[in-house]
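Visitor: I would like a close look at one part of this protein. Please pick a spot, then show me how the rest is arranged around the chain.

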Amino acid sequence: MKMDREVPFSGGFCLMLALMLLILPLSWVIAALLAGFVHELCHYAAIRLCGGQAGKIRLYSFAAQIPLPPMSRSKELLCTLAGPFGGLSLLLLARWIPRTAICAAMQSLYNLLPIYPLDGGRALQCVLAMCTKPPTAQKIYRLTQAVCLFCVACVGFYGTFLLHLGLLPILIAGMILVRTKFVKTPCKLAQ
């Protein structure tokens with residue numbers, strides 16, 4: 001009898017963790033994982049507080065996903081923003097856990113970019129859906145995302161070629177651009 005069991009993490013997550021362990025000191029890797037845990041825990045808590053049943057968490061190379069049950073736009077907005085704001089709240093503990101606070105702040109700022117599937121992109125979609133008609137919301141969302149992606153590319157080029165920070169800024173910008181290109185934008189906004 002064969003048992004199919006879903007693994008809670010992808011191969012990309014394992015690869016990213018291995019790369020982090022090769023490049024960064026262990027204390028920074030632990031801080032980054034703890035910051036990510038707090039971020040997802042805040043999403044989970046918000047979903048539960050809004051009366052939703054959160055699905056199983058799935059870890060990817062640069063993301064984690066908790067399936068969101070059907071809920072109103074305002075509740076979805078609250079649940080979406082809970083993760084980044086929970087991470088930013090760790091800055092209040094920076095005196096005692098500085099590495100974790102720095103990692104949480106960086107993760108939160110990254111997640112607040114108005115790019116789908118990041119939390120900022122999902123939050124922008126919720127706000128636009130609540131404030132405007134679907135065609136207008138779609139146009140505003142696509143324009144905002146395009147401008148943000150252009151700025152990310154410019155910052156990557158600036159960091160790599162003008163500040164001489166090595167290839168890391170342009171690699172991060174490239175990963176954000178590629179991730180956006182290959183993730184399907186949801187149909188919720190168009191409905």
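Guide: Start with Cys151, which counts as partly exposed because its relative accessibility is 40%. The cut-offs: buried is under 20% relative accessible area, exposed is over 50%, and partly exposed is in between (1.4 Å probe, protein chains only). This is a predicted model, in which local features need pLDDT of at least 70 and side-chain atom pairs need pLDDT 80 or more, while totals for chains, interfaces and linings use all residues. Residues are numbered from 1 along each chain as its sequence is written, and side-chain values use heavy atoms, without hydrogens or water.

Where does Cys151 lie? Cys151 belongs to helix 6. Helices (H or I, at least four residues) and strands (E, at least two) are DSSP runs, numbered from the N terminus. Now look at Ala173, which is 22 residues from Cys151 along the chain. The C-alpha atoms of Cys151 and Ala173 are 9.4 Å apart.

Helix 6 spans residues 134–162. Its partner here is helix 5, residues 119–131. The two pack at about 155 degrees, and their axes are 9 Å apart. Axes are lines fitted to C-alpha atoms, for helices over the stretch in contact; angles run from 0 to 180 degrees between N-to-C directions.

Which residues meet? From helix 5 come Gly121, Leu124, Gln125, Leu128 and Ala129. From helix 6 come Ala137, Ile140, Tyr141 and Thr144. A contact here means heavy atoms within 4.5 Å. By class, this contact of helix 5 with helix 6 has six nonpolar residues, three polar ones and no charged ones. Ala, Val, Leu, Ile, Met, Phe, Trp, Tyr, Cys and Pro count as nonpolar, Asp, Glu, Lys and Arg as charged, and the others, Gly among them, as polar.

Next, the loops on either side of this pair. Pro117 sits in the loop between helix 4 and helix 5. A cis peptide bond links Tyr116 to Pro117, with omega about 15 degrees. His164 sits in the loop between helix 6 and helix 7, which covers 168–182. His164 is not a glycine, yet its phi is positive, about 55 degrees. Most residues other than glycine have a negative phi, and most peptide bonds are trans. His164 counts as exposed because its relative accessibility is 64%.

Step back to the whole protein. It has seven helices and two strands. Along the sequence the pattern reads α-α-β-β-α-α-α-α-α. Of its 191 residues, 33% are buried. Take the contacts with a separation of 6 or more: 62% of them join residues 24 or more positions apart.

Now go to the start of the chain. Gly11 is part of helix 1. Its relative accessibility is 56%, so Gly11 counts as exposed. Leu59 is 48 residues from Gly11 along the chain, and their C-alpha atoms are 9.3 Å apart.

Helix 1 also packs against helix 2. Their axes come within 9 Å and cross at roughly 145 degrees. Phe13, Leu17, Met20 and Leu21 of helix 1 meet Leu26, Val29, Ala32 and Leu33 of helix 2. The contact of helix 1 with helix 2 has eight nonpolar residues, no polar ones and no charged ones.

Helix 2 has another partner, helix 3, residues 73–89. Helix 2 and helix 3 pack at about 150 degrees, with axes 7 Å apart. Helix 2 brings Val38, His39, Cys42, His43, Ala46 and Ile47. Helix 3 brings Leu78, Cys79, Thr80, Ala82, Gly83, Pro84 and Gly86. The classes for helix 2 with helix 3 are eight nonpolar, five polar and no charged residues.

Last stop: the core. The largest nonpolar core holds ten residues: Met16, Met20, Val29, Ala31, Ala32, Ala35, Val38, Leu90, Cys103 and Ala104. Such a core is a set of buried Ala, Val, Leu, Ile, Met, Phe, Trp, Tyr and Cys residues joined through side-chain atoms within 4.5 Å. Helix 1 (11–23), helix 2 (26–49) and helix 4 (98–111) each give this core at least two residues. Helix 2 has the largest share, five residues. Zoom in on Cys103. Setting aside neighbours within four places in sequence, Cys103 contacts Trp28, Ala31, Ala32 and Ala35.
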